[in-house]
Amino acid sequence: MSLLRSSPVAVNSGQLYGGEFSSTERAVLLRLAHDSILSALEGRDIPLDPPTAHLAEPRGAFTTLYLDGELRGCVGYVLPVSSLYRAVADTARAAAFEDARFRPVTLPEASQLEIELSILSPPQPISIEAIEVGRHGLLIGMAGNRGLLLPQVPTEHNWDRITFLEQTCRKAGLPTDAWKNGAAIEAFTAEIFGEKHPE
């Protein structure tokens, strides 16, 4: 499956929806993301066997990189195609080196990166009335096109539910009213944590 690119707005670690992952697990995943990027630059392998059963569960995940407070890359898996542990390692490398909006991260930059992880629940069909802005991310698809926006995006932009639906359709390359004309609408939640400090 191809990696999807997104531009989520930074959310401080205190603004979480759900609390599935312990502080130890969060630290392990953030350290893994850093090491995955650094090891690629240094040409060495790292072990990708999940250290716990929880981190071995298949999950979707996005890794967002910041440098000097600015977005430096964001890539993720929407669907659970591998263990969470491997998904974080893979998306961290992809965010550093494969996000077409940015030049690849350099070795001097790697040590300065701040990383934010968004761990996704499996997408599920949802009715329009059940969508909660700030809690749900959306995945909208139609005729082979698909677009995704993470839960924090509409909150940061002060979008209402309809605007959120329209903007997700736009992200998919669909007409903004596709959500009421047969597009498949799925929702997911995300636990968001990282090193992005408040401005």
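A residue is called buried when its relative accessible area is under 20%, and exposed when that value is over 50%, with partly exposed in between. Keep this cut-off in mind as we walk through the structure, which is a predicted model.

The average pLDDT of the protein is 88, and 89% of its residues score at least 70. Where pLDDT is low, the predicted coordinates should not be read in detail.

H1 is made of 20 residues and spans 28 Å from its first C-alpha to its last, close to the 28 Å expected at 1.5 Å a residue. Just past the helix comes Gly43, whose phi is positive, at about 70°.

Which residues of H1 are buried? They are Glu25, Arg26, Val28, Leu29, Leu30, Leu32, Ala33, Ser36, Ile37 and Ser39. And what do these buried residues pack against? Their partners are strand E2 (60-67), helix H2 (84-97), helix H3 (107-110), strand E4 (114-120) and strand E9.

Side chains of opposite charge can pair when their charged atoms come close. Arg26 and Glu191 form such a salt bridge, with 2.9 Å from N to O. Is Glu191 buried or exposed? Its relative accessible area is 4%, which is under the 20% cut-off, so Glu191 counts as buried.

The salt bridges of this model come to eight in total. Another of them joins Arg103 and Glu109, again with 2.9 Å between N and O. Glu109 has a relative accessibility of 12% and is therefore buried.

Glu57 and Arg59 form a salt bridge too, and here the closest N and O atoms are 3.9 Å apart. The two partners fall into separate classes: Glu57 is partly exposed at 34% relative accessibility, whereas Arg59 is buried at 10%. The story of this pair also takes in Glu20, because salt bridges with shared partners join Glu20, Glu57 and Arg59 into one network.

Methods: Residues are numbered from 1 along each chain as its sequence is written. This is a predicted model: local features need pLDDT of at least 70, side-chain atom pairs count only at pLDDT 80 or more; totals for chains, interfaces and linings use all residues. Side-chain values use heavy atoms; hydrogens and water are left out. A salt bridge is a side-chain nitrogen of Lys or Arg within 4 Å of a carboxyl oxygen of Asp or Glu. Buried means under 20% relative accessible area, exposed over 50%, partly exposed in between (1.4 Å probe, protein chains only). Helices (H or I, at least four residues) and strands (E, at least two) are DSSP runs, numbered from the N terminus. The expected span of a helix is 1.5 Å times one less than its number of residues. Contact means heavy atoms within 4.5 Å. pLDDT is the predictor's confidence in each residue, from 0 to 100.
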